[in-house]
Structures are given as structure tokens and as C-alpha cells.
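Please open the model in your viewer and follow the stops below in order, selecting each item as it is named.

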Amino acid sequence: AYKHILQAVVAAVENTADLAISIASCLNVLLGTPSDTESEYDEKRKWTWVETFISKRFGWDWKHEGCQELRKFAILRGLSQKVGLELVPKDYEMDTSSPFKKLDIISMVPVYKHVACSSADGRTLLESSKTSLDKGKLEDAVSYGTKALAKLVAVCGPYHRMTAGAYSLLAVVLYHTGDFNQATIYQQKALDINERELGLDHP
């Protein structure tokens with residue numbers, strides 16, 4: 001629902017110069033914590049608008065009291081990915097009423113829905129590498145794993161989760177061959193990609 005609220009705010013902005021401040025204000029409403037000085041009337045009015053929007057858009061009876069239990073950073077990350085929002089990388093103080101400022105909004109990038117990056121050849125090579133590893137054919141496993149990694153980097157890019165899977169598998173294979181240093185490097189690359197794509201708090 002937060003995605004649709006933010007998209008509605010963005011769509012309502014007439015002057016692009018006001019876009020950053022509008023996005024920051026919307027994020028403050030959705031993810032900020034009300035201050036003691038904020039009037040009860042303003043707070044109630046804010047959440048009445050949000051509740052009305054959600055009710056009309058989804059037919060869902062939502063009360064803002066439940067937002068105290070939200071995992072705000074996970075929501076912010078998901079919101080940024082779905083809307084194409086690029087923010088300044090820093091620790092945002094979600095316990096304040098205005099954790100987001102105009103200058104925190106770097107840009108908005110186009111988001112392409114339903115474009116799943118995949119490589120049939122890459123998947124086949126990964127499976128061949130796993131099979132070779134299971135059979136104890138370590139040289140073949142390394143060869144297939146290396147080819148799979150190269151294919152997935154070329155097709156999906158260096159920071160895709162499938163690429164991370166290839167790095168991880170190749171790390172396991174190299175570990176079994178005794179190349180612990182390279183295995184550690186590849187496993188760290190897989191971890192870095194997954195942290196970047198899923199966030200540090202992903203289970």
C-alpha cells in the first residue's frame with residue numbers, strides 16, 4: 001500500500017522542482033515518528049488521509065496504530081526498489097518526525113515490472129557443476145561453474161542474485177578442491193551481492 005501512496009503523491013506533483021520535497025514529506029508521514037510538538041489534529045488529519053486512500057484503493061480497513069510494529073528500513077528498501085527511488089546512503093533516524101529531507105532524495109529511476117533476468121545456459125551449467133561436484137569430478141565442476149558464472153554475469157549482470165548463486169556454488173567447488181583463498185573471495189562476493197539486493201536484515 002505504501003508504494004501506491006508514494007506513487008499517488010509523485011503523480012500529483014505538477015512542478016518537478018517540488019518532487020524531492022514532496023517525496024521526502026510523504027516518506028516522513030509514512031515512516032517518521034510523530035513528534036511531541038505536532039498537534040494531535042495534524043497527526044489525525046494525516047492518517048485519516050492515508051486510511052481513506054488505502055480504503056478507496058484496496059478496500060482495506062487499515063488503522064495507523066499498527067504502524068508502530070513496522071520494520072521501517074525493510075519497507076523503505078522495498079519501497080525504493082518498487083518505485084525506483086534513489087536515496088542518499090546514510091543512517092536515517094526513523095524515531096524522529098522528519099527523518100527525510102529534500103536533499104536525501106537523489107533521483108527516481110524507471111522501474112521495469114515483470115522482467116525476470118534469466119539464463120537457461122547459465123542454469124544448465126550450474127546444474128552440471130553441481131552434478132560433477134556430487135560425482136567427485138572436481139575439475140569438471142570448476143569448469144562448469146566458471147562458465148556458468150561468466151554466462152550469468154554477461155546476461156544478468158554482476159549484481160544479480162543468480163550471479164550471487166553462481167559465486168556461492170563456485171566457492172563451494174573451490175573449497176572442495178582446496179583453493180580456500182579463492183573460495184573465500186567468491187563467497188564474499190556472493191554475500192556482498194545478496195546484502196546489496198536483499199539488505200542486511202534479510203533472514
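Select Ser119, which is buried, with a relative accessible area of 5%, where buried means under 20% relative accessible area, exposed over 50% and partly exposed in between, with a 1.4 Å probe and protein chains only. This is a predicted model, in which local features need pLDDT of at least 70 and side-chain atom pairs count only at pLDDT 80 or more, while totals for chains, interfaces and linings use all residues. Residues are numbered from 1 along each chain as its sequence is written, and side-chain values use heavy atoms, with hydrogens and water left out.

Then display Lys151, Leu152, Val155 and Met162, with which Ser119 is in contact once its neighbours within four places in sequence are left aside, contact meaning heavy atoms within 4.5 Å.

**Second stop: the whole chain**

Zoom out to the protein chain, which has 8 helices and 2 strands, running from the N terminus as α-α-α-α-β-β-α-α-α-α. Colour by burial, and buried residues make up 34% of the 203 residues. Of the contacts in the protein chain with a separation of 6 or more, 59% are accounted for by residues 24 or more positions apart.

Terms used
Helix = DSSP H or I, 4+ residues; strand = E, 2+ residues; numbered from the N terminus.
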